[in-house]
Amino acid sequence: AAVAVAAAATPARAASLDNAAEIAVVAVFGVLFVATLGGVALLVWLSVRVVRHAEVMIIERFGRYHTTLKPGLHFLVPFIDRPRLVDWRSVAVSGNHQHTVSATTERIDMREHVIDFGRQHVITKDTVLVDVDALVYFQISDPELAVFKIQNLPDAVELLTQTTLRQIIARMTLDDTFSNRDAINHQLKEATALDAERWGVTIKHVEILNIFPPRAIQGAMEQQIKEERERRSTVLLADGHREAAITKSQGTRAKIVLTAEGTKTAAIQKAKGNADAKLQLANAEAESIKAIRRAIRQQGGRVRATDYLVTLQYLGALEKLCSGSSASKVVLVPARTLDEVADVARVATANAARVAGGGTGATSTTT
């Protein structure tokens with residue numbers, strides 16, 4: 001019975017062993033397939049590179065420079081061609097704060113970069129210690145030189161700009177540093193351009209962001225600015241008063257000139273009016289004389305017209321004499337009496353002359 005049972009179990013064991021072997025073979029083939037797929041994926045990952053726009057990639061073959069990959073799809077030889085890693089630094093802004101981010105990358109950005117190296121202490125020509133904050137804008141023009149000619153390009157550009165800036169400001173006074181920022185930027189750009197070209201970099205622009213003098217100097221400068229503004233205010237006020245006085249004097253002069261011109265014009269017009277009036281009066285008198293002459297001739301008289309007019313004027317003068325104030329008295333005497341009075345006056349004068357010349361006998365004789 002025992003032999004019969006053992007004989008019956010032998011085929012069952014053989015079947016289970018066959019199934020286990022088949023499963024092991026399938027597992028091995030599965031592992032090999034997965035490993036193959038992983039290897040293929042690894043080879044694809046190592047050999048395929050996609051370079052984005054405005055970026056390049058430096059490729060080394062067996063540790064030596066091989067080529068520069070431009071934007072697009074590229075295939076590399078796995079384990080032979082490798083991208084060159086470079087140290088890079090950029091400024092990241094989050095909200096109102098900014099911080100510097102350092103990284104190691106295999107891609108080189110060909111766009112413009114900006115470096116803010118913060119405040120640095122600089123001594124001016126007049127021995128004043130100031131803090132200067134500057135920005136540098138640069139662009140990589142030759143990526144091969146930027147990778148193989150300098151170890152850390154951002155740090156090199158920053159240090160080059162700092163040392164050059166110290167040299168430029170050391171030749172200037174404090175006032176010049178505030179008033180000649182454009183000149184500082186121009187000199188700084190020209191001084192750093194030659195050294196930057198050796199590294200395949202073009203300095204686009206250098207900007208002095210801020211200049212911070214010491215507090216004591218800043219207070220003195222603020223006081224100076226205040227006094228300068230007060231001086232300008234005083235000068236402007238004085239200029240205003242002067243311009244007002246000049247304008248007022250010019251107005252007075254114009255008034256006097258215009259008044260004189262008006263007076264002259266009025267006098268001329270008045271003289272012309274008087275002349276015209278006299279001329280018209282003379283013409284009227286001439287016409288009246290002519291009319292009187294014609295009337296006298298028509299009546300057959302022998303009296304002249306002028307005698308007639310003189311008589312009228314004589315009567316008018318007598319009328320004016322008699323029409324005076326009540327205190328005055330007018331006595332009319334014949335014309336012959338006036339002649340006799342004149343003779344008496346002459347005799348009196350002659351008598352006075354004799355008395356003065358020589359004696360009383362002459363006086364009695366005259367009497």
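**Notebook: a sheet, a pocket and an aromatic pair**

I looked up the sheet and found 3 strands forming an open sheet in the order 9-10-11, with antiparallel pairing. Strand 9 (113-123) and strand 11 (201-212) are at the edges with a single partner strand each, so one side of each has no neighbour in the sheet. From one strand to the next the twist averages 25 degrees.

The model is predicted: local features need pLDDT of at least 70, side-chain atom pairs count only at pLDDT 80 or more, and totals for chains, interfaces and linings use all residues. Residues are numbered from 1 along each chain as its sequence is written, and side-chain values use heavy atoms, with hydrogens and water left out.

My terms: strands (E, at least two residues) and helices (H or I, at least four) are DSSP runs numbered from the N terminus. Two strands pair if DSSP finds at least two bridges between them.

I then checked strand 10 (residues 129-140), which pairs with strand 11 in the antiparallel sense over 10 bridges. Tyr137 has His205 in strand 11 as its bridge partner.

Next I looked for what lies across these strands. Helix 3 (residues 153-169) lies across strand 9, strand 10 and strand 11, at about 35 degrees to strand 9. Contact means heavy atoms within 4.5 Å; axes are lines fitted to C-alpha atoms, for helices over the stretch in contact, and angles run from 0 to 180 degrees between N-to-C directions.

I searched for aromatic pairs (rings of Phe, Tyr and Trp, its six-membered ring, with centres within 6.5 Å; planes under 30 degrees apart are stacked, over 60 edge-to-face, the rest tilted). The whole structure has 2 aromatic pairs. One of them, Tyr65 and Phe148, is edge-to-face, at 5.8 Å centre to centre and 80 degrees between the planes. This pair links distant parts of the chain, with Tyr65 in strand 3 (residues 64-69) and Phe148 in helix 2, 83 residues apart.

Last, I noted which elements supply the lining of the largest pocket. Strand 6 (86-94), strand 7 (97-105), strand 8 (108-109), strand 9 and helix 2 (143-148) each supply at least two residues. Strand 6 gives the largest share, 6 residues.
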